Amino acid sequence: MQSTVGQRSRTTVAYIVPIVGICAAAFLLTNIFIYLYLDSVYQPGLQQVSPLVGCVPQHFKMPTMKDCTAWLQCLQINTEVHELKLIGQGAVKKVYLAEWRGQKVALSRLSSLNYLEDFLHGLSMLQALQSPQVVQLVGFCLEEHIILTEHHPFGSLLNLDDVLEKEQHQQHNNWEMRLRLAIDYVTILHYLHNSPVGRRVMCDSNSLEKTLSQFLLTNDFHLVVNDLDALPEVDMSRNLSVKCGHRELTGDFVAPEQLWPFRNNGKPFSDNLMPEYDEKTDIWKIPDVTWFLMGKVPGGDLVHFHLFQIHEKCKKKDPTDRPSAFDVLKVYKSVYSSMVRDSAGFRDML
């Protein structure tokens, strides 16, 4: 009797061991697949498939186009581009929805000659920074102060919650997609801080609303930076730092070094006495932008928990104690990867 029981036990163990081994191997392969997938999707500069791939410089290709086309110039803009309606307006530009050969484009026209310098700076940055992180330049006409860019129907990042509330997009309203947008945002900062034309600072970001308005939400739920009119360069080797405008900045959103240092002494603001600063002002603002991006979705609280330490570093009063955009990006991608793996493991257990 004991011999029979022993034989059964050994037989059961013999069956269980291979099954456990197979399950462990399957789980390991699943994690490896997820890691490789995330690594391919979220390498710096490769977070989305770019329509620019395969185009030579000074050419564009929108998603529905088969071939790349040279940037449109004045003659083509005047004869082939048709304005449809006004869709946005700021101090520097008025933006119109327009059409070129059946393609929807955004036509930006200078609002006032008082802002010509900003307008030209924005155009030069668009030309120099074409990449998956930047809205695609379609053409320009200097004589008529016109810039053409790819049109993104969802509009600016200010519209995020409104877009996700629509029934056809509600399936995207989850922590995964929202954290991917935050990764896109930090990827853009990393690109601007290490751009082909030097270390650039996003100066048009003195409030959360203004910052969000600088980014466009694409149809496949990624981000591109759109407004580059105020993108000064920092280069400490040339003693080159920045001041974002000539007026006093206030509020908690801007970095401490952007505030008038003598405000508590009753000394009136003086642009000449205001100290300059660097790209670490962009780092200070990351936690506030990410807080908005995450919204109030299930799993969002866990994301904030995992990001707490890096966000605490972003809010250091001394700019030199803050991490770089690349440091933040590494943490964001690590948190995303680990949470996706944990979610996959939990589903496998079920």
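**Strands, pockets and loops**

A: Strand S4 (residues 93-100) and S5 run antiparallel, joined by 8 bridges. Keep in mind that this is a predicted model.

Q: Which residue in S5 is the bridge partner of Tyr-96?

A: Leu-107 is the bridge partner of Tyr-96.

Q: How many residues sit between the strands in the hairpin of S4 and S5?

A: There are 2 residues between them, and in that hairpin Arg-101 takes a positive phi near 50°. Arg-101 lies in the loop between S4 and S5. Its phi is a positive value in a residue other than glycine.

Q: Is Arg-101 buried or exposed?

A: Arg-101 is exposed, with a relative accessible area of 59%. The cut-off for exposed is over 50%.

Q: Back to S5. How many of its residues are buried?

A: Of the 8 residues of S5 (residues 103-110), 6 are buried, so the strand is largely enclosed by the rest of the structure.

Q: What joins S5 to strand S7?

A: 5 bridges join S5 to S7 (residues 146-150), and the two run antiparallel. Val-105 stands opposite Glu-150 in S7. Ala-106 has Thr-149 of S7 as its bridge partner.

Q: And how many residues of S7 are buried?

A: S7 is mostly covered, with 5 of its 5 residues buried.

Q: How is strand S6 joined to S7?

A: By 4 bridges, with S6 (residues 137-141) and S7 antiparallel. Gly-139 of that pairing stands opposite Leu-148 in S7.

Q: Which residue takes a positive phi in the hairpin of S6 and S7?

A: His-145, with phi near 55°. That hairpin has 4 residues between the strands.

Q: New topic. What volume does the largest pocket have?

A: The largest pocket has a volume of about 1600 Å³. It is lined by 46 residues, and the closest to its centre are Val-92, Asp-204, Lys-210, Asp-227 and Asp-229.

Q: Which elements give two or more residues to that lining?

A: Strand S3 (81-89), S4, S5, helix H3 (116-128) and S7 do. H3 gives the most, with 5 residues.

Q: How do the lining residues of the largest pocket divide?

A: They divide into 18 nonpolar, 18 polar and 10 charged.

Q: Where does the largest pocket lie relative to the domains?

A: It lies between domain 1 (67-150) and domain 2 (157-339), because both give residues to its lining.

Q: How does the lining of the largest cavity divide?

A: Into 7 nonpolar, 2 polar and 4 charged residues.

Q: And which residues line the second largest cavity?

A: Its lining is Tyr-185, Leu-189, Met-202, Ser-205, Thr-211, Asp-282 and Lys-285. H5 and H7 are the elements that give two or more residues to this lining. The second largest cavity has a volume of about 30 Å³. Its lining residues divide into 3 nonpolar, 2 polar and 2 charged.

Q: Switching to loops. Where is Gly-198 found?

A: Gly-198 is in the loop between helix H5 (175-193) and strand S8 (199-200).

Q: What is Gly-198 in contact with, leaving aside neighbours within four places in sequence?

A: Gly-198 is in contact with Leu-192 and Glu-233. The C-alpha atoms of Gly-198 and Val-234 are separated by 7.3 Å, with the two residues 36 residues apart along the chain.

Q: One last residue. What phi does Asn-239 have?

A: Asn-239 has a positive phi of about 55°, although it is not a glycine. Asn-239 is found in the loop between strand S11 (233-234) and helix H7 (280-294).

Q: Is Asn-239 buried or exposed?

A: Asn-239 is exposed, with a relative accessible area of 70%.

Key: Residues are numbered from 1 along each chain as its sequence is written. This is a predicted model: local features need pLDDT of at least 70, side-chain atom pairs count only at pLDDT 80 or more; totals for chains, interfaces and linings use all residues. Side-chain values use heavy atoms; hydrogens and water are left out. Buried means under 20% relative accessible area, exposed over 50%, partly exposed in between (1.4 Å probe, protein chains only). Two strands pair if DSSP finds at least two bridges between them. On a 1 Å grid over the protein atoms alone, a cavity is a set of points where a 1.4 Å probe fits but cannot get out, and a pocket is an open set with protein on both sides within 12 Å along at least five of seven lines; lining residues have an atom within 4 Å of a point. Grid points are joined across faces, edges and corners, and a volume is the space filled by probe spheres set on the points. Ala, Val, Leu, Ile, Met, Phe, Trp, Tyr, Cys and Pro count as nonpolar, Asp, Glu, Lys and Arg as charged, and the others, Gly among them, as polar. Domain bounds come from an automatic or database domain assignment. Contact means heavy atoms within 4.5 Å.
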